[in-house]
Amino acid sequence: MTEKTAKLTLGDLEIDLPVLSPTVGPDVIDITKLYAQGKVFTYDPGFTSTAACDSTITFIDGGKGELLHRGYPIDQLAEKSHYLEVCYLLLYGELPSASELEEFEATITRHTMLHEQMVNFFRGFRRDAHPMAIMVGVVGAMSAFYHDSTDIADERQREIASHRLIAKMPTIAAWAYKYSIGQPFIYPRNDLDYASNFLRMCFSVPAEDYQVNPILSRAMDRIFTLHADHEQNASTSTVRLASSSGANPFACIAAGIACLWGPAHGGANQACLEMLEEIGTVDRIPEFIARAKDKNDPFRLMGFGHRVYKNFDPRAKVMKQSADEVLDLLGIEDNPKLQVAKELEKQALEDPYFAEKKLFPNVDFYSGIILEAMGFPTSMFTPIFALARTVGWISQWKEQISDPKLKIGRPRQLYMGENTREYIDIENR
Ligand code: CMC
């Protein structure tokens with residue numbers, strides 16, 4: 001097989017750069033030796049054309065609107081599988097056998113409790129703290145409690161840390177919520193599945209019985225599944241960069257949670273619902289569409305657009321269907337936000353601005369409507385995304401650690417500041 005190369009001409013210098021071919025997707029020009037050969041860097045703020053690693057976990061074809069986990073399409077996983085099976089698939093590369101799944105589920109279930117002393121961390125936050133702020137702090141603090149799983153050179157410790165993070169994240173998210181509303185923490189129950197357990201820890205109170213509705217639990221599980229991984233997005237890249245220095249897994253995942261919080265990323269689901277609320281009625285939609293198109297107005301349609309998907313977001317399709325099912329189940333037929341969302345989607349998709357820029361509803365456009373209908377406040381939307389994405393971060397982290405090519409991540413820069421100058425004494429400035 002002939003090895004492909006790309007030629008780069010730099011003045012008189014001709015440099016041959018190896019071209020790597022992935023299983024699917026565009027070829028990648030390997031520039032790792034470029035500085036050594038040509039004394040130049042490449043420039044790509046926002047990583048729009050740069051592959052920062054090789055990976056076997058998730059593949060996205062933005063043009064086709066395709067998302068594959070270990071080769072399996074997301075719509076098949078959302079329909080036929082469930083979250084913990086998808087976790088296993090992401091972590092270990094293959095769908096589990098029945099006994100492997102049983103063992104994995106039992107392991108995750110047995111790790112859902114938090115060290116009791118961690119309760120003090122929750123109580124240290126102000127009551128009005130955003131649950132994402134609590135999650136960043138508490139997950140980072142796990143490295144102070146679980147010393148026996150912070151040695152990243154030990155494969156078994158890495159595995160225990162992975163299980164702990166996947167298992168404890170629902171407890172942490174639910175407790176962050178309970179703390180913010182002044183209700184007692186509800187401990188996990190081992191006879192419930194992952195999604196039901198989370199719903200119960202959020203909505204149960206000691207004063208009365210709480211029965212988990214299986215349809216809501218299935219919808220919750222589907223939301224988790226749809227958010228499980230999304231290749232090298234901002235928070236995953238943050239986890240990889242943090243981990244490249246050898247930081248412990250709890251610190252790396254805390255960094256990922258912090259990055260996810262922003263409204264351009266995971267925070268978009270909260271921002272989207274707040275936007276639907278602000279729009280209020282369908283007659284105000286044209287005003288907001290006009291604002292989104294106005295270059296002098298920073299407003300954007302939240303839940304619209306994606307760096308990679310330029311046709312449709314396959315997760316949004318499933319989410320829209322789930323939104324209809326959940327609202328139907330709960331007997332919410334004329335939810336004003338859903339009506340605004342449906343009409344906003346229609347009007348935006350008919351507008352040439354959104355068509356030309358290939359802006360379509362993304363996963364966050366409908367997830368907020370389902371979560372609100374289930375009884376979650378908007379502040380819990382991003383924590384739910386964070387708990388679901390933990391397996392993706394952890395899988396990418398594990399893959400990176402076991403990669404023999406691992407180097408500390410250290411981007412270069414295009415320096416545009418002052419050149420060397422003499423220090424001026426304060427009296428002469
Ligand atoms: N509303 C109005 N205009 C938009 C929007 C939007 N939501 N998104 C992009 N544009 C315009 C943007 O102004 C730019 O126009 P121009 O070329 O004239 O300057 C063009 O489309 C390209 O936008 P960009 O910001 O260069 O694209 P990007 O790939 O850097 O950003 C994005 C992707 C998701 C950050 C962006 O579309 C956005 O801010 N969307 C709203 C927030 C959102 O819904 N985020 C959730 C993403 S999916 C879940 C996740 O990954 O966490």
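A nitrogen atom of the ligand lies 2.8 Å from a polar backbone atom of L301, a polar contact in the sense of a pair of N or O atoms within 3.5 Å. The model is predicted: local features need pLDDT of at least 70, side-chain atom pairs count only at pLDDT 80 or more, and totals for chains, interfaces and linings use all residues. Residues are numbered from 1 along each chain as its sequence is written, and side-chain values use heavy atoms, with hydrogens and water left out.

**Ligand site**

- An oxygen atom of the ligand is 2.8 Å from a polar backbone atom of G303.
- The side chain of K295 places an N or O atom 3.2 Å from an oxygen atom of the ligand.
- The ligand taken alone exposes 930 Å², and the protein buries 75% of that; accessible areas come from the Shrake-Rupley method with a 1.4 Å probe.
- The ligand is surrounded by 21 residues, of which H265, L301, G303, R307 and K357 are the closest; a residue counts as near if one of its heavy atoms lies within 4 Å.
- By class, the shell around the ligand holds ten nonpolar, six polar and five charged residues. Ala, Val, Leu, Ile, Met, Phe, Trp, Tyr, Cys and Pro count as nonpolar, Asp, Glu, Lys and Arg as charged, and the others, Gly among them, as polar.

**Second largest pocket**

- The volume of the second largest pocket is about 270 Å³. On a 1 Å grid over the protein atoms alone, a pocket is an open set of points with protein on both sides within 12 Å along at least five of seven lines, and lining residues have an atom within 4 Å of a point. Grid points are joined across faces, edges and corners, and a volume is the space filled by probe spheres set on the points.
- This pocket is lined by 21 residues, and L84, L192, D193, Y194 and A195 are the closest to its centre.
- Two or more lining residues come from each of α3 (83-92), α4 (98-110), α7 (155-180), α8 (194-203) and α9 (214-226). Helices (H or I, at least four residues) and strands (E, at least two) are DSSP runs, numbered from the N terminus.
- α8 gives the largest share of the lining, four residues.
- The lining divides into nine nonpolar, six polar and six charged residues.

**Cavity**

- There is one cavity of 30 Å³ or more in the structure; a cavity is a set of grid points where a 1.4 Å probe fits but cannot get out.
- The largest cavity holds about 30 Å³ of space.
- Its lining consists of G305, H306, Y309, F312, D313, K358, F360 and P361, which divide into four nonpolar, two polar and two charged residues.

**Strands**

- β1-β2-β3 is the order of an open sheet of three strands with antiparallel pairing; two strands pair if DSSP finds at least two bridges between them.
- β1 (5-10) and β3 (28-29) are the edge strands, each pairing on one side only.
- β1 and β2 (residues 13-20) run antiparallel and are joined by six bridges, with T9 having E14 in β2 as its bridge partner.
- β4 (residues 58-61) pairs with β5 (residues 66-69) in the antiparallel sense over four bridges, and I60 stands opposite L67 in β5.
- The hairpin of β4 and β5 has four residues between the strands, and G65 takes a positive phi near 70 degrees there.
- β5 also pairs with β6 (residues 72-73), antiparallel over two bridges; H69 has Y72 in β6 as its bridge partner.
- In the hairpin of β5 and β6, with two residues between the strands, R70 takes a positive phi near 50 degrees.

Definitions and conventions. Polar contact = N/O pair within 3.5 Å; in protein donor to acceptor, adjacent residues only side chain to side chain.
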